[in-house]
Amino acid sequence: MRETDIDPYENTPRDAVVTANDYHDGQHFALHTHQRGQFAYAACGVITVFTQQGNWVVPPHRAIWVPAGVPHEMSMSGPVTMLNTYIRARAATRLNLPAQCQVFGVSTLLRELLIRAIDVPALYEKEHLHGRLMTLLLDEIADMRPPVTQRPPPQRSPAGPHLSQPAGTAITGNQHRRHDPTPRHEPPHLHSIVSSADRNQLRGMAPASVPVGGGSQVGEWRVGDAGGD
């Protein structure tokens, strides 16, 4: 579902509800919780998530899992297109999803399933193609792995929504490329990412580095390094 909040669908009797929304640079969501777990995929732009346990930076083409009931804030760096899969708590338990926030790599298959699921109604027929698609989507989410070993995230500063030190989920090793100052284009936004041509564009583009709170910086990630395929 496009450009909609999860609130009207929290109690929908389905294991997963997928939404897609565009957000402007600097948009911030104050402390809140969801009855469902939130698997938030950054199709473009950077998402920063703040909790009492720490802060997480989600670069383009990665996702973060926020379990049901976890109070959190979110801030957007650059124009952001976020594809959210909201998962019922009992389904998250069945899938063995983590009990704490965690950043994940996103496979090509999962990215395509998320794009397809945008147009699946909240109350989909379980025995229909939509039901099978959503089942596969959940299975693929459960199969994702963290892109690197994650250090304990830094505690959130009481001064406000910014990182108190460089992000605990910074990508390192083979998945981190040396910064290239050459400007790069962001993938298309929500209104165009579902066409076949734009899907190819979304796969192939490499987002530029995006500075986030406190002067720390998320490095450059290329789609080919996302892992999980």
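Student: At what relative accessibility does Phe29 stand, and how does it count?

Tutor: Phe29 has 28% relative accessibility, so it counts as partly exposed. The scale uses relative accessible area with a 1.4 Å probe and protein chains only: buried is under 20%, exposed is over 50%, and partly exposed is in between. This is a predicted model, where local features need pLDDT of at least 70 and side-chain atom pairs count only at pLDDT 80 or more, while totals for chains, interfaces and linings use all residues. Residues are numbered from 1 along each chain as its sequence is written, and side-chain values use heavy atoms, leaving out hydrogens and water.

Student: How many aromatic pairs does the count come to?

Tutor: Two aromatic pairs. A pair of aromatic rings is described by the distance of the centres and the angle of the planes. Rings of Phe, Tyr and Trp (its six-membered ring) pair with centres within 6.5 Å; planes under 30 degrees apart are stacked, over 60 edge-to-face, and the rest tilted. Here Tyr23 and Phe29 are edge-to-face, with 5.2 Å centre to centre and 80° between the planes. Tyr23 is buried, at 14% relative accessibility.

Student: At what angle are the planes of Phe39 and Phe104?

Tutor: At 40°, with the centres 6.4 Å apart, so this pair is tilted. Phe39 sits in strand S3 (residues 37-51) and Phe104 in strand S7 (residues 102-105), so the pair joins parts 65 residues apart in sequence. Helices (H or I, at least four residues) and strands (E, at least two) are DSSP runs, numbered from the N terminus. Phe39 is buried at 1% relative accessibility. Phe104 is buried too, at 5%.

Student: How many salt bridges does a search of the whole structure find?

Tutor: Three. Side chains of opposite charge can pair when their charged atoms come close. The test is a side-chain nitrogen of Lys or Arg within 4 Å of a carboxyl oxygen of Asp or Glu. Asp119 is in the loop between helix H2 (108-117) and helix H3 (129-143), Arg2 is in the segment before S1, and they are 117 residues apart. Asp119 is partly exposed at 48% relative accessibility. Arg2 is also partly exposed, at 33%.

Student: Which residues are linked in a network of salt bridges?

Tutor: Asp15, Arg88 and Arg94. Arg88 and Asp15 meet at 3.0 Å, N to O. Arg88 lies in the loop between strand S6 (72-87) and helix H1 (89-94), with Asp15 in the segment before S1, so the contact spans 73 residues of sequence. Asp15 and Arg94 meet at 3.4 Å, N to O. Arg94 is in helix H1, 79 residues from Asp15. Arg88 is buried at 18%, and Asp15 is buried at 18% as well. Arg94 counts as exposed, at 51%.

Student: Arg14 lies over the face of which residue?

Tutor: Tyr124, at 5.7 Å from the ring centre. A charge sits over a ring if NZ of Lys or CZ of Arg is within 6 Å of the ring centre and within 35 degrees of the ring normal.

Student: What is the phi of His61?

Tutor: About 70°, a positive value although His61 is not a glycine. His61 is in the loop between strand S4 (54-58) and strand S5 (62-66). At 2% relative accessibility, His61 is buried. Glu3 also has a positive phi, near 45°. Glu3 lies in the segment before strand S1 (16-23) and is partly exposed at 47%.

Student: How many residues of H2 are buried?

Tutor: Seven of its 10 residues, which leaves H2 mostly covered. Among them are Leu110, Leu113, Leu114 and Ala117.
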